[in-house]
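Trainee: Could we go through this structure together, with the definitions to hand?
Mentor: Gladly; here it is.

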Amino acid sequence: MALVEIEDLTFRYPGEEKAALDGLNLKVDKGEFVLLTGPTGCGKTTLLRLLGGLVPHFHGGRIRGRVTVAGRDVLGSDPREMAAAVGMVFQDAEGQLVSTTVEREIAFGMENAGLPAPVINKRTEEMLVGLGLSRLRRSFIPGLSGGEKQKTVLASVMAMHPLVLALDEPTSQLDPLSAEELLTLVRRLHEETGTTVVLCEHRLERCYHYASRVLYMERGRILFDGGPREAAAWCSRHDDAFIPPVPRVFARAGWKELPLTVNEGRALLAGLPTRIGDFFGGTQGGSAPHGGPGGISVRKAWGGDAVPGRGSLDQRESSTARLGWAALGRNGGKKRSERGVFGEEPSRARGRGPAATGPEELFFARGLWFVYPGGQEALRGLDFRLRAGSGMALLGENGAGKSTFLRCMLGLLEPSRGKVELFGGEPSRERLPTLATRLGYCPQNPRAYFVCPTVREELLRTMRLRGRAGKEAEKAVDEQMERMELSHLARRNPHDLSAGEREKVMLASVLLPPLPELLVMDEPTRGLDHRNKSAVSQMLGEYRASGGTVLVVTHDMEFAASLAERAAIMGNGGIVAEGPAREVLGDSLFFSPQVNRLLGGFGVEVLREEEAILLLRDAFPGGEERRGTGPCFPP
Amino acid sequence: MLPVYREKDTLVHGLHPLAALALVASVAAAALVLENPLYTAVVCVGALALLARAEALADGKAILRAAAVMGLLVAFINPLVNNAGEHVLVYGPSIPLWGKLDITAEALLYGLAAGARLFTVVAAFCLFALAVNPDDLLELMSRLSFRSSLAAALAVRLYPSMVVEAVEMRDAQLARGDPLSGGGRLNRAKAYLPLLLSLFQGALDRAASIAESMSARGFGSRGRTRRKVGIFRPRDILAALVSSGIAAAVVLQSLRGGGYDFFPVLADPLAETDLPALGLLCFSLVSFLFVCGSWKKWHWWRSRI
């Protein structure tokens, strides 16, 4: 008998006519690792809630069908009874933690389950050691990082020894390293304890290959159920937003065989002859500098820095062709020293827009220090410059000082030492509101942005704050919502929207007329799936094409590569690397997108998926027999 | 900003919650019960020294400053509403229905003493909030009422998150062009109202998430058990002895008459003092402060208690 059995299940939330789960059938055996994928609102979270009995007991609603977990009828059992069988980890750690210290939190579930004190003490210790939380035993929970908080939740759930571990996008609020660490822990728990895992996750590149089964859901139904390789092949035909970047670029290039990981991809390419050298008009021979596959020594960079192309492959090809396929040196033919620390490539010609008439340098910081009252030196002599019309990605781990820097830049924090200028003046809390027509700021937490009861009112508020009101403002708002396909959300409360919708509404708001000269965004892709990320990236691409300047703080290398032509890495309170994105990201092991790691060994600095697709399509003649004429099909 | 507990390497932070509670309660009781300015001064200095030993002075600075302002206000207002006392410092006008507005030395000193006692009670509260682990304390209290203690623990945990969210919200609105200031208090209140509503909505959403998570972890099941709370160590016995010493001093002084006569003329504070009680109070506080200091410095002593 399967551990989880769902038969012909239909569920509607209270007041909803549309079924969140529609005639669902599913069996999960003990020890399986099941990955749930699908677009926002497809029913993944509802399915996970169902396993724990939270649907329908906690959320209410109408339900029909049968669900059993470990032989227990979920619909006839209280979630409290299901807690021992199903452990649940949700998206936001902040909304799950109950106690003030880590060890208390771990004990919470076991105390509820009525376990004897010696057992609670033993398992608490076990979880503290097993999940690497010992040093945080008595730490005050609000002071922990996001990753540590989510690990605490996981420890609290695992301490109850559940048969099924259900995780609902547990890494969506985490930086990449914390996310990697958490997913590795989940994998270890699965392998070492045999716990059945049902995971819903949008960082597919981190977990797709772990899964023993991948389910694809849409409109409350499971459309595909199979192994990860078959799922990748199926999804590449159906909707390739829900497969990892590596199989996606292979699929888009028309390959039949889809590797799931960078290593698999490199191994696949290693066996093939390549004409990358001819492609760039360079030479071949020698060994790959990164120890990559193929005996190629050519280290070529893609020239130019245009905004990535969108739309069809042909359009993308033409836009990439504009970038210039001709072989260039790694630094575009110049050494870094010749370009200066802040050496900027010549600005692209821009037809119109605020940057064309604005100051050349929108922001600079020289010798910037910031010391918190406790003595912590968050910024240590930082130098930074942002020129009009540029797209800059600011990278760095949590605690590197990125947020402090942004706050100093906007005038929300007063620097301890050094000089800062924004739009030709010293930034300050008092001056910031006066810059609203020139500066758009998207905070990391979109909740902080929204203060109105509906999306439309929120946009009208922006117009009012920019000195526009009446019919003109209403017209601009309606046009903006229509242009950004948000009209259907006009009457919705921004707080009730999905993460992707919230980000789009925030962008729609800051990009209302008059278009700001500078857009500052703090982790805009946190919690977004590939489709929503692409939508945000496209909006920003259009903004940049109109002459706007973007400074984006992000952990997302794919997003940084797609958006910015320059990148800076922060560390130890300063800028440790700054330059063209191709140079900074292309020369990194961890601060680089997956496609760069896939093709980096061939001597080309590929940063964007569009570029990788073109290479895979045209530069590997030996792969023709593994390639179809269009999108590939399951073997 | 309200004081928030932080784990620190001090003896006060390392006390059993019951011992810590007894210590704080004895200091607060001494401040509330003993009216003699001599005692008030000793207890006030003792409370501040305890805060310093608990490395909590900096964290509690804001609330102590507010308490000092409140204390001074009491000292300032009392002579205006109370003209008892024989030593008139300022002869004021006669106000209809109010009477003479004379300011006397007795009323002024009474106000100062009352303000200092208020300040000391707040300092004791600060020590409680900053150096006593709320989790341990609530776990202790949960034996009486688990749900109330859980609600209190949640409030303690979520308060810092709400503060962070409020700051993020203010910053985002400033960047949107809303100055959130100027134009008088009413306009400022109007400007902040949408932020408060949004913050409230966020808090409600978070409460719903926490309820769901608690439900998923079996909250509300019958037969809830508790893990063992802290260990009672020699340091806790020392703290209990100190608390008992302070309490005994309060009882001894109370038995002697307890109060202190500010009116009609100030009594001699020393004459109205039970010297053994004052000695016990001073000895208890000083010895505990010494224990705190030596615990931090001497490994041998630290390992013994």
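Mentor: Let us begin with a loop: Pro514(A) sits between helix H19 (499-510) and strand S17 (518-522) of chain A, where helices (H or I, at least four residues) and strands (E, at least two) are DSSP runs numbered from the N terminus. The peptide bond from Pro513(A) to Pro514(A) is cis, with omega near -5 degrees. This is a predicted model, in which local features need pLDDT of at least 70 and side-chain atom pairs count only at pLDDT 80 or more, while totals for chains, interfaces and linings use all residues. Residues are numbered from 1 along each chain as its sequence is written, and chains are lettered from A and ligands numbered from 1 in the order in which they are written.

Trainee: Which other peptide bond is cis, the one with omega about 10 degrees?
Mentor: That bond joins Val55(A) and Pro56(A), and Pro56(A) belongs to helix H2 (residues 54-57) of chain A. Most peptide bonds are trans.

Trainee: Why is Ala70(A) called partly exposed?
Mentor: A residue is buried with 20 or more other C-beta atoms within 10 Å of its own, exposed with 12 or fewer, and partly exposed in between, the C-beta atoms being placed from the backbone. Ala70(A) has 18 such neighbours, so it counts as partly exposed. Its loop runs between strand S4 (62-69) and strand S5 (72-73) of chain A, and its phi is positive, about 55 degrees, although it is not a glycine.

Trainee: And what makes Asn572(A) partly exposed?
Mentor: Asn572(A) has 13 other C-beta atoms within 10 Å, and therefore it is partly exposed. This residue lies in the loop between strand S19 (566-571) and strand S20 (574-580) of chain A, with a positive phi of about 55 degrees.

Trainee: How do you know that strands S12 and S13 of chain A pair?
Mentor: Pairing requires that DSSP find at least two bridges between two strands. Strand S12 (residues 361-371) and strand S13 (residues 377-387) have seven, in the antiparallel sense, so they meet the definition. Val371(A) has Glu377(A) in S13(A) as its bridge partner. Five residues separate the strands of this hairpin, and Gly375(A) takes a positive phi near 100 degrees there.

Trainee: What is the average pLDDT of chain A?
Mentor: Chain A averages 83, and 84% of the residues score at least 70, on a scale of predictor's confidence in each residue from 0 to 100. Over residues 282-359 of chain A, however, the pLDDT is below 50. Where pLDDT is low, the predicted coordinates should not be read in detail.

Technical notes. Two residues are in contact if their C-beta atoms, placed from the backbone, lie within 7 Å.
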